[in-house]
Amino acid sequence: FVIMNLQDEDGNFRQMADLTDLDKAALQDEDKWIISRVNDATKYITETMEKYDLALAGQRAYDLIWNEFCDWYIEMVKPRLWNDEDSTKAAALWTLKTVLINSLKLLHPYMPFITEEIYQCLPHEAESIMISKWPEADEALMDDEAERLMGAIMESIKAIRNMRAEVNVPPGKKVPAIMLAAADLKDGIEANADYIHLMGAISELTVLADNAAKPENAMAA
């Protein structure tokens, strides 16, 4: 999926600007979140490997790639990649490439051959992943605010999916939803409401203050 989106119609890799050359404002909340998560994982994995806690380090690499990058970020970023008019598409592509390459490096001690194979299929800076630079955690890219906001959005989507499953709502049927949000999260949730619509199959989302009353006939979580 990443390779397909990094290539042009002729199969050549697009020229990619580095983060320092990108308009920082083009990074969306989900970009800041996954960049923060990969830096957090890098710090944790490096520290646990130095203590020889290889099982803990491997589990964190798994969680980063499978649960955070694949389950959430890739799904969230698809609409931006499919819209050539979206001014944030370049930031999304940079984020995809950067997070995947760093994730491959973190996974390399556990899966050396397949990570090398994938690394060679991506634009890369070293001849081999084995001699490439190990990722270094950048505290400046760890964004607690983005993590809290995206965490709230992801938890709400999970809650909506669980409630739909409880009453066997067909996957294609969209339903309205009301979210009660803390004051400091309300604007961020409204700005990212498209993800809740898309991943929760919501027809209309209303965001209210967290002290609002629950409608009488609504399911709640």
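Helix 6 and helix 7 are roughly perpendicular to each other, a word kept here for angles of 65 to 115 degrees. This is a predicted model, in which local features need pLDDT of at least 70 and side-chain atom pairs count only at pLDDT 80 or more, while totals for chains, interfaces and linings use all residues. Residues are numbered from 1 along each chain as its sequence is written, and side-chain values use heavy atoms, with hydrogens and water left out.

To return to the helices, which are DSSP runs of H or I with at least four residues, numbered from the N terminus, the axes of helix 6 (residues 144–166) and helix 7 (residues 183–191) come within 10 Å and cross at roughly 70°. Axes here are lines fitted to C-alpha atoms over the stretch in contact, with angles running from 0 to 180 degrees between N-to-C directions. On helix 6 the contact (heavy atoms within 4.5 Å) involves Arg148, Leu149, Ala152 and Ile153, and on helix 7 it involves Asp184, Leu185, Gly188 and Ile189.

Now to the rings, where the count comes to 1 aromatic pair, meaning ring centres of Phe, Tyr or Trp (its six-membered ring) within 6.5 Å, called stacked if the planes are under 30 degrees apart. That pair is phenylalanine 69 with tyrosine 73, stacked at 6.2 Å centre to centre with 10° between the planes. Both residues lie in helix 3 (residues 54–81), 4 residues apart, or about one turn of the helix. Phenylalanine 69 is buried at 3% relative accessibility, and tyrosine 73 is buried at 0%, where buried means under 20% relative accessible area with a 1.4 Å probe, protein chains only.

Key: Helix = DSSP H or I, 4+ residues; strand = E, 2+ residues; numbered from the N terminus. Parallel < 35°, antiparallel > 145°, perpendicular 65-115°, else oblique. Phe/Tyr/Trp six-rings, centres within 6.5 Å; stacked < 30°, edge-to-face > 60°. Buried < 20%, exposed > 50% of the residue type's maximum accessible area, 1.4 Å probe, protein only.
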